Amino acid sequence: MAYTEQLLLPSRGIIYQLSDFDGNVNVKPFTTKAYKDLLTSNASETGLKQFIDSCLVDSPIKAKNMNQNDLLAVLFKVRVMTLGNMLKTVTRCPECGASEEHEWDLNDIQINYLYTENYPIVVKLPQCGKEIKVRFPTGADVTRAKQEADRRAAAFKKSASDFLQIYTTVSLIDLDGKDIVEKAEWYEHLNPCDAIYLDEVFSEMNDAFGVKMTREGHCSTCDKVFTSYIDIGSDFFRPYANVTLGLTSKKGNLSGAVEESNISE
Ligand SMILES: [Zn+2]
């Protein structure tokens, strides 16, 4: 039997609403075949999901149904299990362009876990006063929203991206047993204040749990402080690689911790 370790998903499994699932999955290191398949796929979304499935052992949930933040936690874990916790990185200072090499200890990466009393989460819309239930996106929700956006785009001879936001939003709302088409119609008739309120709710929920992918950097040439983030591509899984880090002016998008611990725990 392959060597495995247990990983508690950042969502703690709550968002999947599966009976007998406590949010722990067993993971094993990735193999040479899995790595080569990932390269062939150019680390596409599908390729990364197949890669993750190859590392999950008897998991009640497959990568295609996982939330993005849970997927990232699995990717970090298998990277540490297979290649070790040190990641050699290269950053290019956004100010002066100087390159610097660093070693990033992936065991220091924080995971914020989801804690909520009730799920789905009840939200009261400020204008119409209606109470609705909202959920965090699973892979199944994302797929459903894309399908419906494609369908509507074809019907109206428009681009699917014109419709994706609304279907993404309503796919995460539970509303009196309504289906996604009925919910989209309901949403389009909402008072704009309520729609904006909902956007804010979802934006806050986005920060509720996950892997903190960013780190403050400091340029020793020009003394500027900047934020860099780990871009998960095939380099992240390449033995002996120097991973070039992406740069962002924004602060970490997965902060707002409820409870924190290290990925190795
Ligand atoms: Zn600099």
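A: Helices (H or I, at least four residues) and strands (E, at least two) are DSSP runs, numbered from the N terminus. This is a predicted model, where local features need pLDDT of at least 70, side-chain atom pairs count only at pLDDT 80 or more, and totals for chains, interfaces and linings use all residues. Residues are numbered from 1 along each chain as its sequence is written.

Take strand E2, residues 24–27. Val25 and Val27 make up its covered face. Asn24 and Asn26 make up the uncovered one.

Now look to the sides of E2. Strands count as paired when DSSP finds at least two bridges between them. Strand E1 (residues 5–8) pairs with E2 in the antiparallel sense, over four bridges. There, Glu5 stands opposite Val27. Strand E3 (residues 56–57) also pairs with E2 in the antiparallel sense, over two bridges. Asn26 faces Val57 in E3, and Val27 stands opposite Leu56 in E3.

Next come two helices. H1 covers residues 32–40 and H2 covers residues 45–55. They pack at an angle of about 170°, and their axes are 9 Å apart (axes are lines fitted to C-alpha atoms over the stretch in contact; angles run from 0 to 180 degrees between N-to-C directions). H1 and H2 are therefore roughly antiparallel (over 145 degrees). Ala34, Asp37 and Leu38 in H1 meet Gly47, Gln50, Phe51 and Ser54 in H2 (C-beta atoms within 7 Å). The residues of this contact of H1 with H2 divide into three nonpolar, three polar and one charged.

E7 (residues 121–124) and E8 (residues 131–134) run antiparallel, joined by four bridges. Val123 has Ile132 in E8 as its bridge partner. E7 and E8 form a hairpin with six residues between them. In the turn, Gly129 has a positive phi of about 75°. E8 is also joined to E9 by two bridges, and these strands run antiparallel. Here Lys133 has Asp174 in E9 as its bridge partner.

Finally, compare another open sheet. Its three strands have the order E5-E4-E13, and the pairing is mixed. E5 (99–105) and E13 (242–244) stand at the edges with a single partner strand each, so one side of each is left without a neighbour in the sheet. Neighbouring strands of this sheet are turned by 35° against each other on average, direction ignored. E4 (residues 86–92) and E13 run parallel, joined by three bridges. Lys88 has Asn242 in E13 as its bridge partner.

Conventions
Buried ≥ 20, exposed ≤ 12 C-beta atoms within 10 Å, placed from the backbone. Parallel < 35°, antiparallel > 145°, perpendicular 65-115°, else oblique. Contact = placed C-beta atoms within 7 Å. Nonpolar A, V, L, I, M, F, W, Y, C, P; charged D, E, K, R; others polar.
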